[in-house]
Amino acid sequence: MAAVELRGVHKSYDGKVPVIHGIDLEIKQGEFCVFVGPSGCGKSTLLRMIAGLESITGGEVRIGGEVVNHKPPRARDIAMVFQDYALYPHKSLYDNMAFGLRLRKTPEDEIKRRVGEAARLLRIDHLLDRKPAALSGGQRQRVAIGRAIVRQPEVFLFDEPLSNLDAQLRHEMRTEIKRLHQRLGATMIYVTHDQVEAMTLADRIAVLSAGRKMQYDTPDTVYNRPAALFVAGFTGAPPMNLVSAQLADGHADLGEGLRLRLPAPLDRHSGRLTLGVRPENLRLAPQPGDLALPATVSLLEPLGAETLVTARLGGVDMVARLPAQFREAPGTRFTLHAQPAHLHLFDPETGAARV
């Protein structure tokens with residue numbers, strides 16, 4: 001395994017269309033890093049630049065401390081798993097997994113050992129004689145991952161490998177990939193647009209938007225202390241409530257006479273800012289220090305284990321994650337309680353968090 005470092009990495013097409021804007025990242029040896037962001041943010045392009053499948057306009061990519069900008073993919077000691085399984089339909093699973101090793105003239109005994117170990121690890125050792133057409137989507141993706149494992153690379157790269165699977169299979173394979181990382185202890189870089197995948201898999205997350213790094217930190221920090229308005233709105237399901245508020249005298253004016261008292265140090269800010277609070281930080285039962293907010297039910301979304309409630313607070317709507325038993329009809333007035341420690345402020349122009 002090896003560390004991966006990006007130093008001021010740029011990418012533009014024809015020297016005119018920039019798509020990656022000077023990204024710096026340090027992915028430690030054995031770390032599971034996830035690139036997450038919406039479609040078109042540059043996450044797959046960045047991964048392909050690490051793999052050597054895309055050229056680099058500026059900056060450096062280092063693998064194991066060595067600059068690899070001009071090395072072809074085969075010389076970078078990486079293995080890549082794509083969204084498309086890319087299996088040979090006429091070959092057995094064993095031959096699919098062994099194919100790359102045979103190209104490298106690996107002895108057959110060694111091939112047999114590596115394929116057997118990878119197949120047992122992925123629980124497909126009983127399927128090695130079958131061809132891809134006889135497998136489910138999850139089994140095919142296991143074969144694609146196994147083909148990468150037998151290479152014994154320094155770095156594993158995953159480009160949205162679960163996008164073609166249904167919800168149940170995605171969950172199962174996400175668990176398998178997590179276990180795989182724990183067993184192998186390998187450096188892994190994973191691309192996804194699904195922030196649930198990012199939160200559950202990553203040691204650290206790089207949140208990207210329009211080719212720029214918005215935040216790079218642990219899942220806990222990205223979720224609880226978003227560094228930018230984009231990060232706050234992108235992470236979480238449902239995402240953070242973000243509303244425009246006028247701040248003055250330690251209060252946020254939410255319209256229609258509702259003023260929310262701000263805790264220190266947020267109470268020192270003034271002017272028009274964006275106030276953020278996550279749905280789970282609005283609750284029915286107050287705790288000491290909570291801020292009471294008169295609200296009116298607008299919409300209920302029962303989810304079985306909980307109920308998402310869209311409520312009108314002053315002149316704005318917010319979503320609260322409440323107990324499943326909450327079944328008040330639209331128009332009902334009630335009180336929500338906000339946790340002061342979980343309020344956020346953002347500059348609406350720059351998007352930067354205010355602390």
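Which residues of α1 are buried? They are Lys43, Thr45, Leu46, Leu47, Met49, Ile50 and Ala51, where buried means under 20% relative accessible area, exposed means over 50% and partly exposed lies in between (1.4 Å probe, protein chains only). Helix α1 (residues 43–51) is thus described as mostly covered, with seven of its nine residues buried. Helices (H or I, at least four residues) and strands (E, at least two) are DSSP runs, numbered from the N terminus. Just after α1, Gly52 adopts a positive phi of about 90°.

The model is predicted: local features need pLDDT of at least 70, side-chain atom pairs count only at pLDDT 80 or more, and totals for chains, interfaces and linings use all residues. Residues are numbered from 1 along each chain as its sequence is written, and side-chain values use heavy atoms, with hydrogens and water left out.

**Sheet**

An open sheet of six strands has the order β6-β7-β8-β3-β9-β10, with mixed pairing; two strands pair if DSSP finds at least two bridges between them. At the edges lie β6 (78–81) and β10 (212–217), each of which pairs on one side only. From one strand to the next, the twist averages 15°. Axes are lines fitted to C-alpha atoms, for helices over the stretch in contact, and angles run from 0 to 180 degrees between N-to-C directions. Strands β3 (residues 32–36) and β9 (residues 204–209) are paired in the parallel sense over four bridges, and Val34 has Ile205 as its bridge partner in β9. Helix α4 (residues 137–149) lies across β6 and β7 (155–159) and runs at about 175° to β6.

**Cores and contacts**

A nonpolar core is a set of buried Ala, Val, Leu, Ile, Met, Phe, Trp, Tyr and Cys residues joined through side-chain atoms within 4.5 Å. The largest has 48 residues, of which Val34, Met97, Val115, Ile145, Ile149 and Tyr190 touch the most other members. A second, separate core of 30 residues includes Val243, Leu266, Phe326 and Ala338.

Val68 lies in the loop between β5 (66–67) and β6 and is buried, with a relative accessible area of 2%. Val68 and Pro132, 64 residues apart in sequence, are 34 Å apart in space, C-alpha to C-alpha. The table gives the contacts (heavy atoms within 4.5 Å) of two residues, leaving aside residues up to four places away in sequence.

| Residue | Residues in contact |
|---|---|
| Val68 | Val61, Ile63 and Arg76 |
| Ile145 | Val81, Leu122, Phe158, Met173, Ile177 and Leu180 |
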